[in-house]
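This text walks through a structure, starting with the separate chains and then turning to how they meet. Please keep the sequence and the model in view while reading.

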Amino acid sequence: MSIGKRTIEDYIVDLLCYSILLVVVFVTLYPFYFVIINSLNEGMDAARGGIYLWPRRFTLENYAEFFNDPKWMDALFVTVARTIIGTPLTVFFTCMVAYGLSHKNLIFKKTYFVLFVFSMYFSGGLVPYYVVLRSLGLLNNFLVYIIPWALNTFFLFVATAFFRDLPQEMIESGYIDGAGDMKIYFRIVIPVSMPLIATMLLFIGVTQWNSWFDAAYFVRYDHLRTLGYRMIEVINQSLAPADAQAALLLAGSRRITPLSLQMAAMIVATAPIIFVYPFLQKHFIKGMMLGSVKG
Amino acid sequence: MKLNLMTGDLMMTDLSVFRVNQGKKRNSLLLQLKKQYMIQLFVLCGIAFLVVFNYTPMFGILIAFKDYSITDGVSGMFTAPWNGFAHFLEFFNDHMFWVVVGNTLAISLLKILFTFPAPIILALVLNEITITPLKRFAQTVSYLPHFISWVIVAGIAGSFFSQTRGVVNEILLQMNIIENPLAILIEPQYFWGLAVGTEVWKATGWWSIIFLAAIAGVDPTLYEAAQMDGAGRLKRIWHITLPSIKGAIVVVLVLSIGNLLGGGIGGSNFEQSMLLGNVINSPRSEIIQTYAFRIAMVEGRFDYGAAITFIQSVVSVVLIFSSNHIMKRISGSSLF
């Protein structure tokens, strides 16, 4: 950012910037590191405290316990299922509606827009929503994790802006070749919209993966609970004093505590996200900028 | 929709009203509809979804003005007896009214105060870094917390701030700053700090993306010219970089204020209060949303809960439109 000679001020500002950055990176990463080393440490030993830099008594049994626990494995299965099924469905449906909205000569466009925008700010509240879910038979049903999520209004607008910015000639050439709207959508528009789709898959996928509220309040069957929900269960337990935890020893093991199991669960829940998001960085940064006027 | 990050104008472009009867016959409207029936179908699927999941529940707002119980079912929403504004008056006279409203406002305002400057500063700092791999690494790391759910954050906070053997307490004890461990997770006086602190940790990196994008749009020759005129680094940042993100600042500020009752830019108040709140710190952690939630789901008073939620929705809508208007007056740019 500076040309010519570097002044004293330059060095001071640089020092300040690098220091701030160092602090930011450390403060962001350390909590994750902390959870990782605690998950790799024997639970009973961890309860004595002092594990800050590396595991004192290394063990993989927390993870073994996690993968052997039917409650956690059910939750993992449900969470993976809803993410794999729900995410593409939502992306597909939302993009479809957005493509329609982006059409240049859409009749009733203003009305449609008003309807969508209004629904973003105003809602009937949780209880009527619950009643609607009930009458649709979605309560206690795996589909409650999929269907009510099918349309994402935020991404609806992002996608609409994106489609509108596509070069019109592309679409027109499709018409000229005699293709119908559906064909144009699938054969021409979608292949070109990969950055948008990648962004949406990431964000909606993360939302699905992390969700816990619907698992808590719209579902009663134990085997339909998600990872997020199980996490809350354990957290409520573990916010109790450590000595009380020691008393809650899991059957068959005197070294695993609910807390150490929770640590392993947190890593399993977070790891997929950590591995995926850096690769899609380019896309979602662009995605945040979708629809903005280039300076 | 176009968002101009430099000036902050968010414009709904292309809201062309359909042309009718401009010397054309009525039939042409039907003809046009027929031509674009597939497109219309695409949109109508979305509308149908809205009707089912958004607009039907809106009828539920009715129960805020009625004497309704869940046993009345869906039809009960229409047939239950009216009681006008009784529930609203009850809320204003509720002994928890000042507590929940106070907490909601305090947490939201504190969040705006602290989570607002942080992304801006981070963006400015990142912009000054010239070693690209380092910059890329720091950026990537900084938005990691955004993707982590609040449940996990609560879990991490549970270990970090624990009274027994928590990292934070251990460090403070070692450095002799305190004599006894602080019950950060339990006692009321820490909740606000906890909520704001975790929010800063989680949201800063993510929001810095917006500001970085705006900064990237600045013409580099401006910096060179300023340097020729003898402006140092800090002066250049103050006079060139900051004003260039005025638009982005306005956008984020309006969004934050509009979401005041929901909590900061991301609307995280509810999740935080649900996850980190407990019976003991509830004098500081209970907010309007969690209170309404408990009233409805725990106490079963759905009509009263609906009234509280309704008040909140209305206030939020008023807030976002008025904050947008005020911003327009003050700075010339606005959200819409």
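A residue counts as buried if 20 or more other C-beta atoms lie within 10 Å of its own. By that rule, 42% of the 295 residues of chain A are buried. The model is a predicted one, and its chain A holds 15 helices and zero strands. Among contacts in chain A between residues at least 6 apart in sequence, 73% join residues at least 24 apart.

Chain B can be described in the same terms. Its 336 residues include 43% that are buried. Chain B has 18 helices and two strands. Of the contacts in chain B with a separation of 6 or more, 68% are between residues 24 or more positions apart.

How far can the model be trusted along chain A? The mean pLDDT of chain A is 82, and 89% of its residues reach 70 or more. Among the elements of chain A, the highest mean pLDDT, 92, belongs to α4(A), while helix α13 (residues 242-247) has the lowest, 48. Residues 291-295 of chain A have a pLDDT below 50, and this stretch makes 14 contacts in the model beyond near neighbours in sequence.

Helix α4 of chain A spans residues 70-102, and its axis comes within 9 Å of the axis of helix α10 (residues 194-210) of chain A. The two axes cross at roughly 140°, and the crossing is right-handed. On the α4(A) side, the residues that meet α10(A) are A:Thr79, A:Arg82, A:Thr83, A:Gly86, A:Thr87, A:Thr90 and A:Val91. Their partners in α10(A) are A:Ile197, A:Met200, A:Leu201, A:Ile204, A:Gly205, A:Gln208 and A:Trp209. By class, this contact of α4(A) with α10(A) has six nonpolar, seven polar and one charged residue.

Another helix of chain A, α14, covers residues 258-276 and contains A:Leu259. Is A:Leu259 buried or exposed? A:Leu259 is buried, because 27 other C-beta atoms lie within 10 Å. A:Leu166 is 93 residues from A:Leu259 in sequence, and their C-alpha atoms are 51 Å apart in space.

Next come the contacts between the chains. How many residues of chain B are in contact with chain A? There are 81 of them, and they touch 84 residues of chain A. On the chain B side, α2(B) gives the most, with 17 residues. The chain B residues that touch chain A comprise 51 nonpolar, 23 polar and seven charged.

The axes of helix α5 (residues 109-121) of chain A and helix α2 (residues 37-59) of chain B come within 11 Å and cross at roughly 35°. This crossing is left-handed. From α5(A), A:Tyr112, A:Leu115, A:Phe116 and A:Ser119 take part, and they meet B:Val43, B:Ile47, B:Leu50, B:Asn54 and B:Tyr55 in α2(B). Seven residues of the contact between α5(A) and α2(B) are nonpolar, two are polar and none is charged.

A:Met231 has neighbours in both chains: not counting residues up to four places away in sequence, A:Met231 touches A:Ala265, A:Met266 and A:Ala269, together with B:Val151, B:Ile152 and B:Gly155.

Terms used:
Residues are numbered from 1 along each chain as its sequence is written. Chains are lettered from A and ligands numbered from 1 in the order in which they are written. This is a predicted model: local features need pLDDT of at least 70, side-chain atom pairs count only at pLDDT 80 or more; totals for chains, interfaces and linings use all residues. Axes are lines fitted to C-alpha atoms, for helices over the stretch in contact, and angles run from 0 to 180 degrees between N-to-C directions. Helices (H or I, at least four residues) and strands (E, at least two) are DSSP runs, numbered from the N terminus. A crossing is left-handed if the near helix is turned anticlockwise from the far one by less than a right angle, and right-handed if clockwise. Two residues are in contact if their C-beta atoms, placed from the backbone, lie within 7 Å. Ala, Val, Leu, Ile, Met, Phe, Trp, Tyr, Cys and Pro count as nonpolar, Asp, Glu, Lys and Arg as charged, and the others, Gly among them, as polar. A residue is buried if 20 or more other C-beta atoms lie within 10 Å of its own, exposed if 12 or fewer, and partly exposed in between; C-beta atoms are placed from the backbone. pLDDT is the predictor's confidence in each residue, from 0 to 100.
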